[in-house]
Amino acid sequence: MHRVNNIAKLENKIKYYKDIEIDNINNEQIINIDKIKINKRKSSVVRILDFLRYVENPYMIRVNETIVKMQFSNKQIKAEECINQLFYNLYLKH
C-alpha cells in the first residue's frame, strides 16, 4: 500500500506542476541541473521515478541562471527524432 501511495503522490505532483507558467513559480524552488544526481545504472523507469522524487517541479529545471520549462509529447517518438524534425523544419524545408 505504501508504494501505491507514493505513486499517487508523484502523479498528483505531475498534474499540479504541468500547466504552471514560469512567471507563477518561486525561482528558488527550481533546482539547478548540475545538482541532480541520478544513478545511471538503474533502469530507465527507476531513474525517472528518482528524478520525480528528487525535484520539486518535474517540468522546470535551472541551467545556470536560466529556467527551462519542459514539455512532453503523448506521441511514441524519440527525442532524437524530434530534434531531427526540428532541424529539418528550420533549415532544410525552406
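I take buried as under 20% relative accessible area, exposed as over 50%, and partly exposed as in between (1.4 Å probe, protein chains only). The model is predicted: local features need pLDDT of at least 70, side-chain atom pairs count only at pLDDT 80 or more, and totals for chains, interfaces and linings use all residues. Residues are numbered from 1 along each chain as its sequence is written, and side-chain values use heavy atoms, with hydrogens and water left out.

**Salt bridges**

I looked up aspartate 50 first. At a relative accessible area of 18%, aspartate 50 is buried. I then searched for salt bridges (a side-chain nitrogen of Lys or Arg within 4 Å of a carboxyl oxygen of Asp or Glu). The structure holds three. Aspartate 50 pairs with lysine 42, with the closest N and O atoms 2.9 Å apart. Aspartate 50 also meets arginine 53, at 3.2 Å from N to O. These two sit three residues apart in helix H2, so about one helical turn separates them. I take helices (H or I, at least four residues) and strands (E, at least two) as DSSP runs, numbered from the N terminus. Lysine 42 is partly exposed at 34%, and arginine 53 is partly exposed at 47%.

I checked glutamate 21 next. Its salt bridge goes to lysine 69, with the closest N and O atoms 4.0 Å apart. Glutamate 21 lies in the loop between H1 (2–18) and H2, and lysine 69 in strand S2, so the pair ties together parts 48 residues apart in sequence. Glutamate 21 is partly exposed at 45%, as lysine 69 is at 25%.

**Hairpin**

I followed S2 back to its partner. Strands S1 (residues 60–63) and S2 (residues 66–69) run antiparallel, joined by four bridges; strands pair if DSSP finds at least two bridges between them. Isoleucine 61 has valine 68 as its bridge partner in S2. Two residues stand between the strands. Asparagine 64 lies in that loop. I noted its positive phi of about 60°, although asparagine 64 is not a glycine. Asparagine 64 is exposed at 56%.

**Helix H3**

I ended at isoleucine 83, in helix H3 (residues 79–92). Isoleucine 83 is partly exposed, at 44% relative accessibility.
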